[in-house]
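Student: I would like to work through this structure with you, one question at a time. Could we begin with the terms that we need?

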Amino acid sequence: MDYKFFPDLAAEVNIPQDGILSRVLYTDDHVRVVIFGFAAGQELTEHTSKMPALLHVLSGELKLKLGGKDEMEAKAGTFVHMAPNLAHGLLAKTPCTVLLTLIKGGAAA
């Protein structure tokens, strides 16, 4: 097929009662798209990626830590571009879903 179609991204992941669930929706030589479901209180500790990344909050509320020092509140509709090697982490304040797109071979912004 020449396309991948998801009529309802939120339906692609069930938010667990406790924990984090992830599912790869699409991958090719250029991008990797992953959807995450976070139970309230779950955290991804600060880390980095060698690739540029796009983060889109689909539902819920979370606290983002970007660049090792900036903390921001995020909710459904929040969009973030992260340059390669940017330290980042998140804490789910409520159950939430997040779409992550990693850009393979992308240069620093």
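Tutor: Let us begin with burial: a residue is called buried under 20% relative accessible area, exposed over 50%, and partly exposed in between, with a 1.4 Å probe and protein chains only. This is a predicted model, in which local features need pLDDT of at least 70 and side-chain atom pairs count only at pLDDT 80 or more, while totals for chains, interfaces and linings use all residues. Residues are numbered from 1 along each chain as its sequence is written, and side-chain values use heavy atoms, with hydrogens and water left out.

Student: Is Thr97 buried or exposed?

Tutor: Thr97 lies in strand S9, where strands (E, at least two residues) are DSSP runs numbered from the N terminus. Its relative accessibility is 2%, and because buried means under 20%, Thr97 counts as buried.

Student: With which side chain does the side chain of Thr97 make a polar contact?

Tutor: A polar contact is a pair of N or O atoms within 3.5 Å; within protein, one must be able to donate a hydrogen and the other to accept it, and residues adjacent in sequence count only if both atoms are side-chain atoms. Leaving aside neighbours within four places in sequence, Thr97 has contacts (heavy atoms within 4.5 Å) with residues including Val13, Phe36, His56 and Ser59. The polar contact of its side chain, at 2.7 Å, is with the side chain of Ser59.

Student: In what order do the strands of the five-stranded sheet stand?

Tutor: Two strands pair if DSSP finds at least two bridges between them. Seven bridges join S1 to S2 in the antiparallel sense, and Leu21 has Gly37 in S2 as its bridge partner. S4 (residues 53-59) pairs antiparallel with S7 (residues 79-82) over four bridges, and also with S9 (residues 96-103) over six bridges. The open sheet, with antiparallel pairing, therefore has the order S1-S2-S9-S4-S7.

Student: Which strands stand at the edges of the four-stranded sheet, and why is one side of each left without a neighbour?

Tutor: This second open sheet has the order S3-S8-S5-S6, again with antiparallel pairing. Each edge strand has a single partner strand, so one side of it is left without a neighbour in the sheet; these strands are S3 (43-47) and S6 (70-75).

Student: What is the bridge partner of Leu64 in S8?

Tutor: S5 and S8 pair in the antiparallel sense over five bridges. In S8, the bridge partner of Leu64 is Leu90.

Student: Is Ser49 buried or exposed?

Tutor: Ser49 lies in the loop between S3 and S4, and a polar atom of its side chain lies 3.1 Å from the backbone nitrogen of Met51. Not counting residues up to four places away in sequence, Ser49 touches Pro84, Asn85, His88 and Leu102. At 17% relative accessibility, Ser49 counts as buried.
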